[in-house]
Amino acid sequence: MFRNNYDNDSVTFSPQGRIFQVEYAQEAVKQGSVVVGLVSKTHAVLAAVKRNAEELSSYQKKVIGIDDHYGIGLAGLASDARVLSNFMKQQSLASRMTYGRPIPIERIVNMIGDRAQTNTQHYGKRPYGVGLLVAGVDDLGPHLFDFQPSGMTYEMTACAIGARSQMARTYLERHLDEFQSSSREELIKHGLRALKETLPQDKELTVDNTSLAVIGLGDEAKGKIEPFKLFEGQPIAAWLETTFETQQGEREGAAEGESMEVDQ
Amino acid sequence: MTSIGTGYDLSNSVFSPDGRNFQVEYAVKAVENGGTAVGIRCKDGVVLAIEKIITSKLLKVGANKRISTVDRHVGVVSSGLVPDGRHFVARARDEASSWRKFYKAPISTAMLSNRLGAYVQAYTLYSSVRPFGVTSIIGGWDSEADIPVDGQVGNGPQVGAGGKVTDVKKGGPALYMIEPSGQYWGYYGAATGKGRQAAKAELEKLDLSPTGISLEEGVKEAARIIYVAHEDSKDKEFELEMTWISSLDGPTKGRHQEVPKELREEAERLAKKSLEGDDDDEEEEKTGEEKMEE
Amino acid sequence: MNHFPQAWGRPRDDVYGAYNHSYLQMTGPKQHTQSPIVTGTSVLAIKFKDGVVIAADNLASYGSLARFTDVKRLRTFNDTTVVGFGGDVSDMQYLDRLLNSLDIEENYYPEGHRLNAQNLHTYLTKVMYKRRSDFNPLWNAILVAGLDGEEKPFLAYVDLLGTRYSSPSLATGFGAHLAQPVLREYVPDEKAAENLTQETAVEAIKKCMKVLFYRDARSLDKYSIAVITKEGVDLKEDEKLENQSWAFADRIRGYGAQVV
């Protein structure tokens, strides 16, 4: 019987140069519920589907604000995300403390990337089982980064991770050109629509199972930002309503064409 | 490959009966799938270039830099597992800064490569770690002038030699490449990653002697070589990233910097043009080379 | 000569009596730097409408000896900020290397996020306060001159205790007594600094450098001066005091024995 001998730990390369433990960790990300992120010239948005264990239980936490100028959305092992987010919070405070400067998004992302890499090269450690989308604003404008258990980080214009996230990515790719010039409200709608794509037929986005976070450059002078804010529950009811009410008609028409391309 | 699955390839730091360390060889496999990276040592500077395959339309264009600055005068580009490359760069930065703390002067590219070679080699010694899944190209310009010691505030004695030796030729361009085994060599032109065979063939045609091509020509050749090396995987789109380090009187003043956008685009334009010209003979050459490899 | 090498070269007990060890304190708390050794004197700076002017002379004294006369005490950081050091020169060199390594780290990222003068001052404050809390201070008084996050002129002070403050004009060391009153004539408040021209600011600083050379025995007539604006740093390191007049000198009374 075939047995893969090269997947017992993260310090063993397969003959093809792959590290299976890392690849398995990426699978853990796909077990988590979906998170979508996207950026315009002025804003970055995270949108996520929350799961609950049972009807009477609370919903899981999908989005964590780290500092005024950025936050993360997670898919996969939530406790690994908590370790990383605590680290990010410490580094962010340290930057504000020592330099009086909000930490640049790319740098904090690289820091967690480097931490995750260490876990893939030393025996007795395991790769993080979580993927993150980091959305924030700094001197260079709004950013969105994708972090993976391998320690790989990418800056993206839009991204989705988690279960059935391919559906969302397909939506995002199709509307990619619109994001740059989108207004805050339009960007939120795109985020929610991309999120909706990932849901099975019988499920809907509700005020209970949806998380939404927005961060943006403020209207005021340089240096002022619209701080990272998480919206959950009733505050997002209006967005859900306007996004999907107006969509209903269009969707019926577009549905056929879409499903053909989505197929993979 | 023989003796795969005989158990000698499951752990790092273990020799097989015929004296091989399989885990290191497997790490090399990871490199062979990476985007092509090249380095060219020209008479008045060094160019580094890498082919970045665009894996998704959603990636931000022009972001996700892969060539890193280690000290002011040194740059590193890696092919293989990108996070391993970042680990390598982090260590390179630590070495460069600890050298500065100790000697109050920048590290030479040769010494930096030596230390990194030792570091990478250490990851082949123990079963508790795995080797680096990258081959890294290190390019640097060691100052040809007498530069002040870090923290120096005065000029020293105005009469006599003041301990300074004059008229000594020193410094200049340097290029090294470190493999997952920790082995490293100095190069006139180095290539690694998927398209290395084609790239090496092109590098060998260049005049990289001390009186050879200039830095600016080097930039154009580097771009062209990346384009040539990409030919095999034509279907995939890619971005070209290039950095350079010139002499103190050159465009970067001895610093490692990104090649200016205008020059890069000009080099890319020329690269595309030259590809259209000699598409056919390029193909033939490569099929011949590829056989040599395995 | 006896057969105890450890006693060679020491006062002989039979001649001078036994050594009194109470003079050599072998116990007690561990001590770090108790005083600076080679020192630089005042640093002066004044804000004007588009930036800051900062100056310091080129002398490093060893006690009262004018030991080094070509010492550059103004250090530029990332072509946008100038840090002026007074106090211990070797501690200044340490800080210079620290800022140098910080600059290298900052340039790992080629785009954006440059540390401005305000960020740098905050950083230096933390370094200085940490060292004083370790009872191992860096014996300096420092002025940081440049632009803040909103590209407005920035000038601030930090010293060996980690004390920090800011003002339209600042001076360290002797200058705090001799030059600061003069500079305040030019810029009594922020409002006045916003109206001050670059020429007047430079003139004010040069005037004060001269006053200091007249009255500060640890100063030199060779100095460095830098003007920091949005356009960058204009640093001159080999300036000489002009139009000196020592006519006032023979009217000075009060230092030591008077013969007249």
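A salt bridge is a side-chain nitrogen of Lys or Arg within 4 Å of a carboxyl oxygen of Asp or Glu. This is a predicted model, in which local features need pLDDT of at least 70 and side-chain atom pairs count only at pLDDT 80 or more, while totals for chains, interfaces and linings use all residues. Residues are numbered from 1 along each chain as its sequence is written, and side-chain values use heavy atoms, without hydrogens and water.

Q: Why is the pair B:Arg72 and C:Asp103 called a salt bridge?
A: The closest N and O atoms of B:Arg72 and C:Asp103 are 2.9 Å apart, and the limit is 4 Å, so the pair qualifies. The count between chain C and chain B is one salt bridge.

Q: What makes up the area buried between chain C and chain B?
A: Buried area is the accessible area (1.4 Å probe) that two parts lose on being put together, summed over both. For chain C and chain B this comes to about 1,400 Å², with 44% from carbon and sulfur atoms. On the side of chain C, the residues losing the most area to chain B are C:Arg97, C:Ile104 and C:Tyr108, which together give 40% of what that side buries.

Q: Which residues make the contact of H4(B) with H5(B)?
A: Contact means heavy atoms within 4.5 Å. H4(B) contributes B:Ala198, B:Ala199, B:Glu202 and B:Leu203, and H5(B) contributes B:Arg224, B:Ile225, B:Val228 and B:Ala229.

How values were computed. Chains are lettered from A and ligands numbered from 1 in the order in which they are written. Helices (H or I, at least four residues) and strands (E, at least two) are DSSP runs, numbered from the N terminus.
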